[in-house]
Structures are given as structure tokens and as C-alpha cells.
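Thanks for making the time this morning. I would like to take you through one model, so please have a look at it first.

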Amino acid sequence: MPLFNRSKKRGDSSDNGQDQDGGRKKEKGSWRKPANTAFKQQRLKAWQPILTPKTVLPTLFIIGIIFAPIGGLLVWGSSLVSEMTFDYTTCWNQSVSTSLTNLTFTSMPYTYNLRSSDSGKTITPPTFAYYYNDLAPEDQKHSCYIDFTVVSDLAAPVFQYYKLTNFYQNNRRYVQSLDTSQLQGSYVSPSTLSGSNCDPLGTNADGKAIYPCGLIANSVFNDTFSGFASPDNFYYNFSQSGIAWPGEAKKYSATSGYTNNLDEVVPPPNWVLRYPSYPNASSIPNLQEDEHFQNWMRTAGLPTFTKLYGRNDTATLPAGQYQVLVYMNYPVQGYKGTKSLVISTVSWIGGKNPFLGWAYVAASCVFVFLALAGTIRHLLKPRRLGDMTLLSWNR
């Protein structure tokens with residue numbers, strides 16, 4: 001009938017499955033069909049273990065037995081390390097001592113995590129005193145003297161750290177606030193730095209480039225620690241070299257890209273105590289040799305962190321009374337943080353870290369408990385493997 005005898009559109013192929021050129025017509029969507037291979041059609045052979053009590057319970061026992069000695073070994077390695085922490089945050093708030101010969105010492109927050117062999121020894125609580133010297137250089141006006149006791153000889157190496165709390169170096173904007181080209185010695189124009197990742201510390205109010213730019217460099221820790229002095233005039237020194245990872249120096253250049261453009265560059269605002277300005281090329285810091293700066297630029301992942309400040313790899317620190325001088329320049333109370341001096345030794349496991357060992361012990365206990373519980377359940381009320389009645393939903 002004419003009602004069903006519709007005319008075909010121009011270019012339509014016939015109904016015999018061929019296109020206009022006589023070739024076989026592709027079905028709609030066939031170009032999206034994966035090839036008929038074992039990989040693309042997901043027919044590869046796979047191992048699907050059948051979990052039965054005879055395989056699961058021995059596995060839990062074996063893992064628990066392996067984890068227990070590993071955890072005990074890690075706990076023992078951590079127990080060989082001595083670590084002393086002295087929180088001098090509130091030294092600013094103490095009454096000012098009248099003179100260096102008449103320092104007013106008060107008690108201070110501290111923590112002694114000694115090695116197991118020294119756990120029973122008596123600890124004399126450390127004290128600190130605040131002294132202000134108006135005639136000293138700007139970065140040495142505020143002094144904090146810390147008296148502390150080393151209860152037993154500490155064999156080398158002995159490490160000196162500073163510890164900060166409530167400082168979020170892992171903030172996304174903070175982590176990105178630097179210019180790698182500038183740190184590697186390239187000249188970066190002030191117009192390029194303005195509005196870059198370094199913003200708002202890419203340029204100053206006069207439009208000059210800040211070197212090194214960014215929030216990380218500007219907030220570098222600038223308290224300084226002396227060596228340890230004993231009452232009998234024994235002095236224990238720390239080296240400032242070898243405190244950064246070997247590859248860190250490769251990220252920085254020994255010379256700045258602004259040596260020929262000193263009129264276009266200024267130091268970061270918070271560096272004013274050490275570098276008020278860059279009057280000549282030699283006054284620009286050598287970042288390739290400044291390992292304190294390199295440690296700081298390697299941002300921490302947690303708000304509480306320690307960074308290595310000094311090390312002594314040769315001499316033993318004898319037991320006795322010591323005093324350390326801290327020049328305080330770094331404010332932390334404004335953001336409710338704290339700063340501390342940390343003295344630590346190491347063992348074959350590294351620093352003091354009992355958590356990892358006890359984590360292995362706890363995991364071992366959990367695996368053994370699950371294995372025992374599963375064994376008791378299997379013995380008291382065993383379940384036949386492959387019992388299809390257990391899959392019924394009509395019971």
C-alpha cells in the first residue's frame with residue numbers, strides 16, 4: 001500500500017547489508033566494540049583462592065608470629081636512643097636578668113626520653129634565664145640561657161635539632177610559594193614574580209624583586225644555638241655542615257641571578273636582622289652552602305616537626321652539667337606554637353621512634369587473637385565447606 005511505500009532518502013544504502021560502494025555495512029556502534037582477545041574481553045586466567053579455615057587460620061598465625069619479633073626488635077632499637085627536649089618558648093616572658101654574672105634561672109618545660117640503661121637515673125630539672133643586651137647586634141639582643149644535665153655519656157654521633165609545633169608547612173599555598181628558576185640562579189624579573197606563586201612576597205612595595213621570594217623562604221627559622229659549655233670550661237661543638245640531604249644543594253645556585261641588577265632586588269622582609277639589604281654582590285647569600293635554609297625549604301608534612309641544626313660525629317658528650325645559649329628571634333606565640341631545642345643520639349634504627357615497633361607488636365596480637373578465635377569457632381561449631389543451604393534466603 002502507498003501508506004507503507006515510503007521513499008528512501010538520498011544516499012541510503014539498500015537493505016542487503018551493503019553500503020554504496022558494495023562493501024559490508026558496519027553495524028551501529030560496532031567501532032566501539034573491543035577486539036575479541038582474552039585481554040580486552042577479560043578472559044585471562046586468574047587465581048581465585050578459596051578461603052577455608054585450613055588456609056586462613058595458619059596464615060594468621062604465621063603473620064602474627066613473624067610480626068612479633070620484628071616489633072620487639074624495633075622497640076629494642078628505639079630503646080638504645082636518648083632524646084632530651086627543652087621547650088624555651090616562654091623564655092621571652094621571664095624577668096630580664098640584670099647581668100650575665102647574675103642570671104635569674106627558672107624552671108622550664110622539658111622531656112627526657114632516655115635509653116633503657118639510663119631509665120633509673122636521677123634527672124635534675126633544667127632551667128632557663130632571659131637576658132637582654134641592648135649593645136649587641138640586632139639578631140643577638142634577646143638571649144636565653146638553658147642549663148641542663150646529661151645523665152650519662154652520649155657516644156657520637158650527637159645531633160642538635162629545633163622543634164616547632166602548630167606550624168603548618170604542609171599548607172598548599174605555602175608549599176607552592178617559591179620560584180625554582182630564581183633559586184637555581186636565573187634572573188627572574190619583578191614583573192614575572194608579581195602575581196606568581198611567590199605572591200604576595202614576590203616583590204616589595206617599590207616593585208623590586210625579593211630574593212629568595214615566597215612564604216617558605218621568608219619564614220625561615222632564625223633562632224641560633226651555641227655549643228654546650230660546662231662549668232669546668234669544657235666546650236662541646238656542633239658542625240653546621242652535613243645537616244642537609246646530599247641532593248638538596250643541587251636545587252640551589254651558588255650565585256644569584258641578580259648580581260648585575262642589585263637595584264632590582266631586596267631581601268625577604270623577615271630577613272632584615274641578617275640581611276638588611278644587598279649593597280653588593282657578595283652580600284647576597286649563597287643558598288647552595290646554607291644547609292639551614294635547605295632544611296627549612298624541605299617542608300614538613302605535619303604541624304609538629306623537628307629539623308636538624310647541628311651534629312657532632314666524632315666526640316662523645318660526657319655526662320655532666322651544661323649550658324647552651326639561644327639567640328631568640330623567631331616568634332611562635334602569635335600562632336600558639338612552641339619551639340624547643342632537641343638533643344638526640346641514634347641507633348641502627350635511627351632516632352627515637354617506639355611507635356613503629358609497638359605497631360608491629362599490636363598487629364601481631366590482633367592476628368594471633370583472630371587466629372585463636374577462628375580456631376575455637378571452627379572446633380566448636382565447624383561449617384561444612386560448600387553447604388548451599390547457608391545461601392538460602394527462605395530460612
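I will begin with a sheet, then turn to one lysine, and finish with the cavities.

A word on the basis: this is a predicted model, in which local features need pLDDT of at least 70 and side-chain atom pairs count only at pLDDT 80 or more, while totals for chains, interfaces and linings use all residues. Residues are numbered from 1 along each chain as its sequence is written, and side-chain values use heavy atoms, with hydrogens and water left out.

The open sheet has six strands in the order β2-β4-β5-β12-β8-β9, with antiparallel pairing, where strands are DSSP runs of E of at least two residues, numbered from the N terminus, and two of them pair if DSSP finds at least two bridges between them. Its edge strands, β2 (106–107) and β9 (235–236), each pair on one side only. Between β4 (residues 127–132) and β5 (residues 142–150) there are six bridges, and Thr-127 has Asp-147 in β5 as its bridge partner.

In the loop between β4 and β5 sits Lys-141. Is Lys-141 buried or exposed? Its relative accessible area is 9%, so Lys-141 is buried, a term meaning under 20%, whereas exposed means over 50% and partly exposed lies in between, with a 1.4 Å probe and protein chains only. The side chain of Lys-141 reaches the backbone oxygen of Ala-136 at 3.2 Å.

Finally, Ser-82, Met-84, Leu-114, Val-150, Val-151, Ser-152 and Leu-154 line the second largest cavity, a cavity being a set of points on a 1 Å grid over the protein atoms alone where a 1.4 Å probe fits but cannot get out, and lining residues having an atom within 4 Å of a point.

How values were computed. Helix = DSSP H or I, 4+ residues; strand = E, 2+ residues; numbered from the N terminus. Polar contact = N/O pair within 3.5 Å; in protein donor to acceptor, adjacent residues only side chain to side chain. 1 Å grid on protein atoms, 1.4 Å probe; cavity = no way out; pocket = protein on both sides within 12 Å on 5 of 7 lines; lining within 4 Å.
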